2 protein chains.
Amino acid sequence: MYDLMIIGGGPAGMTAAVYVARKKLNALLLSKDVGGQVNWTLGIENYMGYQFIEGPELIHKFEEQVKKFPLEMKVGEGVSNLSRINGGFEAKTDSGETYQAKAAIIATGKRPRPLNVPDEEKLRGRGVTYCATCDGPLFVDMKVAVIGGGNSALEAVDDMVKIAEHVYLVSLTQLTGDQILIDKIQAASNLTMFLEHEVVAITGEKLVDGIKIRNLKTKQEKGLEVSGVFIEIGLMPNSDLVKGVAALNRIGEIEVNCNNEASVPGLFAAGDVTSVPEKQIVVAAGEGAKAALQAHRYLQRLS
Amino acid sequence: MYDLMIIGGGPAGMTAAVYVARKKLNALLLSKDVGGQVNWTLGIENYMGYQFIEGPELIHKFEEQVKKFPLEMKVGEGVSNLSRINGGFEAKTDSGETYQAKAAIIATGKRPRPLNVPDEEKLRGRGVTYCATCDGPLFVDMKVAVIGGGNSALEAVDDMVKIAEHVYLVSLTQLTGDQILIDKIQAASNLTMFLEHEVVAITGEKLVDGIKIRNLKTKQEKGLEVSGVFIEIGLMPNSDLVKGVAALNRIGEIEVNCNNEASVPGLFAAGDVTSVPEKQIVVAAGEGAKAALQAHRYLQRLS
């Protein structure tokens, strides 16, 4: 039985791993992949210490740092289920293996809800992005489309009208975000809204060059030339593994308190899978460190 | 009147500055210095992205990153007082200048409580350290002294007995930390405790080579050869500027909720000055980003 299992290999899980390894805990990191969403990030200007770095390069640096320590890491082992056992937790992986530990940190992240339209996957990281805060400043003076009608789409629009040459907002419904945000963006002179429209395709060979949209009422289709497509229709937390074990909020995120404790003693969580609202690399790293130090304190006090 | 003032120029304040600048807020950063406690950190192995980096070098990288953005920065301007005014806050600096903003982020950090013994200041960062979690792994197989008798000292001892050749614990009083930690450290074979002893001097030319201690009862003095001295007698939050404005906890830290909001609308705080228990660079950076994004959201919703 390990002291601690870390489940997830993105910024939160890897930071937790470094902190835990430095405490010489007998720990195991299990993850489907290394880097998670960061692998899809076009360029990062807001991870402190690097003025500009590509997602995969930053992840490589994190991974090297983890590997400096003698911590057991099993990559390619997604955890499908975590259950409580006497004295701790048991993880069952996709391949059917089981691992046990006295405490666990869940850092399985989120996955963006995709539009599921042609060429979206191919152009991911090539103009298709799922995070305006992360990637917005890379589209200075370009034309972009923001897809969605809720708060995150409206916040993205409010940011992008200051940065981009022109912003198209495409929403399946009328706007559903806060009125104050709706009022604010309607004042922008470089915004065109297509409400009750759907996106039917994203186009481009190596980089995005446009989108095709359809009016839901008239069924009329229209092409828009854009270099960036911000898909802001929500993210899905990878929290299925703890369903029934830990409390989740209404959007499926693991509820944590300020100390990264989930609703079960010995269970901690960090990063995008949690109820912490900011989904940012530096925040996930900070939360991973907090979760690791809290888990260490929990184990120090176990008799 | 600025949209936002950031007070403090350590990891939390500088990260907040980058996030705020990317949101194109009209913001001002005021700070006594750049880097805060990180300037005194011997070497950093747990800031993700750098396997090993000296404190001043990391701070230089942070500073360059902030300066890439058109954000106003006044360094050398410590803020002695922050007060509420109509529509926001007013900061008064040590030099008597005043600045006003609709919202403020306090990131003024902490300062370690010093022993106030000869040569402590001279040998700071040269074997004298105030953070076992940060610097402990640098003293592998060396002799070290931990000064203090509370939980942070005991946690430092528990860490260091696994790393160092020998650990001396020197405390003015009997141990005051949790019993479970006391039990745990007493099992270590490489620990010698000097309770009811005071440290009268730290010695060494360029690097620490020892400490001199005195038995409080017998007044007998004794020298101990050590390469590292971990002073764990507490830290003092730099929160005087908001006394009477924001709620502080019993040790003087600014009380924040999970969203980095202090007790007053529009006032946010991040990093070591807050009630967040983990005092780590990566945590401060993460909290700075959270505070900045929350402040941005607050300003977006101001009419």
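Predicted model: local features only at pLDDT ≥ 70, side-chain atom pairs only at ≥ 80, totals over all residues.
In which hand does α1(A) cross α2(A)? The crossing is left-handed.

Chain A contains six helices and 17 strands. Its C-alpha trace extends over about 65 × 35 × 35 Å along the principal axes. Buried residues make up 59% of the 303 residues of chain A.

Two packed helices are described by the angle between their axes and the distance between the axes. In chain A, helix α1 covers residues 11-22 and helix α2 covers residues 55-67; the two pack at an angle of about 25°, and their axes are 9 Å apart. Because angles under 35 degrees count as roughly parallel, α1(A) is roughly parallel to α2(A). On the side of α1(A), the residues that take part are A:Pro11, A:Met14, A:Thr15, A:Ala17 and A:Val18, and they meet A:Ile59, A:Phe62, A:Glu63, A:Gln65 and A:Val66 of α2(A). Sorted by class, this contact of α1(A) with α2(A) has seven nonpolar, two polar and one charged residues.

A second pair is found in chain B. Helix α4 of chain B (residues 151-160) is largely enclosed by the rest of the structure, because eight of its ten residues are buried. The buried residues of α4(B) are B:Ala153, B:Leu154, B:Glu155, B:Ala156, B:Val157, B:Asp158, B:Asp159 and B:Met160. The partner of α4(B) here is helix α5 of chain B (residues 179-186); the two axes come within 10 Å and cross at roughly 30°. That angle makes α4(B) and α5(B) roughly parallel to each other. Their crossing is left-handed. B:Asn151, B:Leu154, B:Glu155, B:Val157 and B:Asp158 of α4(B) make the contact with B:Leu181, B:Ile182, B:Lys184 and B:Ile185 of α5(B). By class, five nonpolar, one polar and three charged residues form this contact of α4(B) with α5(B).

Helix α4(B) also packs with a helix of chain A. The angle between α6(A) and α4(B) is about 85°, and their axes are 13 Å apart. Angles of 65 to 115 degrees count as roughly perpendicular, and α6(A) and α4(B) are therefore roughly perpendicular to each other. From α6(A), the contact uses A:His296, A:Arg297, A:Gln300 and A:Arg301, and from α4(B) it uses B:Asn151, B:Glu155, B:Asp158 and B:Asp159. The contact of α6(A) with α4(B) has no nonpolar residues; three are polar and five are charged.

One residue of this contact can be followed further. A:His296 is placed in helix α6 of chain A, which covers residues 281-301. With a relative accessibility of 6%, A:His296 counts as buried, because the cut-off for buried is under 20%. Apart from its neighbours within four places in sequence, A:His296 is in contact with A:Lys23, A:Leu25 and B:Asp159.

Some loop residues complete the picture. A:Ser189 sits in the loop that joins α5 (179-186) to β11 (191-195) in chain A. The relative accessibility of A:Ser189 is 74%, so this residue counts as exposed. A:Val161 is 28 residues from A:Ser189 along the chain, and the C-alpha atoms of the two are 8.4 Å apart.

Two other loop residues have a positive phi. A:Asn260, in the loop between β16 (235-237) and β17 (267-269) of chain A, is not a glycine, yet its phi is about 65°. A:Asn260 counts as buried, since its relative accessibility is 0%. In chain B, B:Lys24 belongs to the loop between α1 (11-22) and β2 (27-31). B:Lys24 is likewise not a glycine and has a positive phi of about 60°. At 53% relative accessibility, B:Lys24 counts as exposed.

Key: Residues numbered from 1 in each chain as written. Chains lettered and ligands numbered in written order. Heavy atoms only, no water. Axes fitted to C-alpha atoms, helices over the stretch in contact; angles between N-to-C directions. Helix = DSSP H or I, 4+ residues; strand = E, 2+ residues; numbered from the N terminus. Parallel < 35°, antiparallel > 145°, perpendicular 65-115°, else oblique. Left-handed = near helix turned anticlockwise from the far one by under 90°. Contact = heavy atoms within 4.5 Å. Nonpolar A, V, L, I, M, F, W, Y, C, P; charged D, E, K, R; others polar. Buried < 20%, exposed > 50% of the residue type's maximum accessible area, 1.4 Å probe, protein only.
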